[in-house]
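Hi everyone, thanks for making time.

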Amino acid sequence: MTPLSSKNDREVTLQQTKAATGASAVTVQAQLGQNTMERIGNTPLLRLESIARNLPGIRIFGKAEWFNPGGSVKDRAAANIVAEGRRSGRFMPSKILLDSTSGNTGIAYAMLGAAHKFKVTLCMPTNVSLERKRILNAYGANVVYTDPGEGSDGAIRKARELHAANPERYFYADQYSNDANWRAHYQDTAEEIWRQTSGRITHFVAMLGTSGTFVGTTRRLKELNPEVQCVSLQPDSPFHGIEGAKHMVTAIVPKIYDATLADEDLGISTEAAHAMVKTLARDEGLLVGISAGAAVAGCLQIAQRLVEQKKSALIVTVLPDSGDKYLSERFWDE
Ligand SMILES: Cc1ncc(COP(=O)(O)O)c(C=O)c1O
């Protein structure tokens, strides 16, 4: 893997983040350190050389989102949701931030809550990994556990119930319906990809969870170049092991999701995602999470088809988090 970056990325993203959070406009010099908000975004774009080794004319890149301070892509959405909540006055200092999450958004809220002194209550299925529970505990978040059989939908229903019972107490962030979620990717993720590839991206591929990453990045990339092909990915069955991802046909469909944006939508099996996580670790030296494995498996399907059609391509995907939260999963030993 090789980083592909533009020299002005850091400066531009810092300015944008500060604008979004209302922080000082003074340029922060790296040697003086950065606060949590300023460290969100501007992640490296890694070239996946081994994966594309036998694919003539194809280059595949992954945005290494574990470089965000909370360790995942969800820092972007969470920070923008908090900033927008404050700006609009809906998230008053007296309120507790409430949301449902399968883990990473919760970690992002909990980290921001600790850094910016607000309380956080999260609804989450009990079967999320032990590592995630420990991280949330470390940041001091309050967690309401829900039935694992009901998946992320059970957590959504619980959050709605808590908010309905006590609307004055909570700022219900509602990442599934909050436009600040996809806008974080419209404003930053897409612009970073555009700069980092010098506008040469031909395909954008991303896994759907709340759909914020896909919707926001696609909307902006299509404005920059309508020819960019945007492919959404989702688990190929309702019962899957791709944490953070949603099987849209059977789940509560997020309000922010717009299926018409995708040029194509592909289903990825949990087995293919697991296999790709191992391949990325052992052939590429990259320890990524399961949805990142699924994303690269999707890129490979698209790449193989393009090779058959004798087309060249620069494919970019998002690697939502690293593998260290999934090390206790059984597939490593299979
Ligand atoms: C590990 C992981 N991958 C992918 C996603 C999907 O991202 P989005 O919610 O922007 O669709 C999430 C969302 O929580 C996630 O935690």
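**The ligand shell, the domains and the core**

Let's start at the ligand: among the elements around it, helix 7 makes the greatest contribution to the shell, with 3 residues. Before I go further, please keep in mind that this is a predicted model.

In total, 21 residues surround the ligand, and the closest are Gly209, Thr213, Gly244, Ser291 and Pro320. Two elements give two or more residues to this shell: helix 3 (104-116) and helix 7 (212-224).

Across the boundary, 27 residues of domain 1 are in contact with 23 residues of domain 2. On the domain 1 side, helix 1 (9-21) and helix 6 (179-196) are the elements that give two or more residues. Helix 6 gives the most there, with 6 residues. That side of domain 1 is made up of 13 polar, 8 nonpolar and 6 charged residues.

On to the interior. In soluble globular proteins, nonpolar side chains tend to be buried together. Here, the largest nonpolar core has 93 residues, and the members that touch the most others are Ala294, Ala295, Val296 and Ala303. Helix 9 (residues 290-308) supplies the largest share of this core, 11 residues. The core also takes at least three residues from each of domain 1 and domain 2.

Let me zoom in on Ala295. Leaving out residues up to four places away in sequence, Ala295 touches Val205, Ala206, Met207, Leu233, Thr317, Val318 and Leu319.

That brings us to strand 8 (residues 203-207). Is this strand enclosed or open? Here 5 of the 5 residues are buried, so strand 8 is largely enclosed by the rest of the structure. Both of its faces are covered, with His203, Val205 and Met207 buried on one side, and Phe204 and Ala206 buried on the other. Strand 8 pairs with strand 9 (residues 229-235) in the parallel sense, over 5 bridges.

Terms used: Residues numbered from 1 in each chain as written. Predicted model: local features only at pLDDT ≥ 70, side-chain atom pairs only at ≥ 80, totals over all residues. Core = buried A, V, L, I, M, F, W, Y, C linked by C-beta atoms within 7 Å. Buried ≥ 20, exposed ≤ 12 C-beta atoms within 10 Å, placed from the backbone. Helix = DSSP H or I, 4+ residues; strand = E, 2+ residues; numbered from the N terminus. Domains from an automatic or database assignment. Contact = placed C-beta atoms within 7 Å. Near = placed C-beta within 6 Å. Nonpolar A, V, L, I, M, F, W, Y, C, P; charged D, E, K, R; others polar. Pairing = 2+ DSSP bridges.
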